[in-house]
Amino acid sequence: MKLYRIGELSKAAHLSERTVDYYTKLGLITPELRSIKNYRLYSHETLAALERINQLKQEKYTLEEIKSLMSKWNSATPEADVSNKLVELEVHMQQLEREVKALEPMISQLKPGQAHRALSNLLPQGMACMEAIRLLLTQGPPM
């Protein structure tokens, strides 16, 4: 297992060392262990957590809200997390099915070229979603 010192972690996450240090002090991330020379060493999971933090910051979450979300994610068992996510996906898919049925009258009035363009725009996104679900179910969540 590769462990990162703070400088290596900050480079990999595209953050400053001060930001990584600040997130550590806030409890958003924690070092895996300390080296003989007392350097904080972080795991690859910490790098993934920093990516999640950056994504949430871009979505305008506060650091306090991010800390709360991270705590929930860390406390959830993988099975419960996957199960909850699958339920959310199923509900979302049912909603999409209802929306497609509502669009059927308009879709049936499209000319063949228009229908083909609409389908060719939607198909790659739908396939990507189905592939992501298949991977989730067959391989489990990424570590």
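A surface patch here is built from residues with over 30% relative accessible area and no salt bridge, and nonpolar side chains (Val, Leu, Ile, Met, Phe, Trp, Tyr) join one when within 5 Å. The model you are looking at is predicted, so local features need pLDDT of at least 70 and side-chain atom pairs count only at pLDDT 80 or more, while totals for chains, interfaces and linings use all residues. Residues are numbered from 1 along each chain as its sequence is written, and side-chain values use heavy atoms, leaving out hydrogens and water.

Let's start on the surface. Val100, Leu103, Met106, Ile107 and Leu110 make up a nonpolar patch with about 420 Å² of accessible area together, by the Shrake-Rupley method with a 1.4 Å probe and only the protein chains shown as cover. Leu110 lies in the loop between helix H5 (78-108) and helix H6 (112-139); helices are DSSP runs of H or I with at least four residues, and strands are E runs of at least two, numbered from the N terminus.

Now for the charges. A salt bridge puts a side-chain nitrogen of Lys or Arg within 4 Å of a carboxyl oxygen of Asp or Glu, and the count comes to 2. Lys25 pairs with Asp21, their closest N and O atoms 3.3 Å apart. Because Lys25 and Asp21 are 4 residues apart in helix H2, about one helical turn separates them. Arg40 also meets Asp21, at 2.8 Å from N to O. This pair links distant parts of the chain, with Arg40 in strand E2 (residues 40-41) and Asp21 in helix H2, 19 residues apart. Through shared partners, Asp21, Lys25 and Arg40 form one network.

Terms used:
Patches are made of residues with over 30% relative accessible area and no salt bridge: like charges are joined within 9 Å, nonpolar side chains (Val, Leu, Ile, Met, Phe, Trp, Tyr) within 5 Å.
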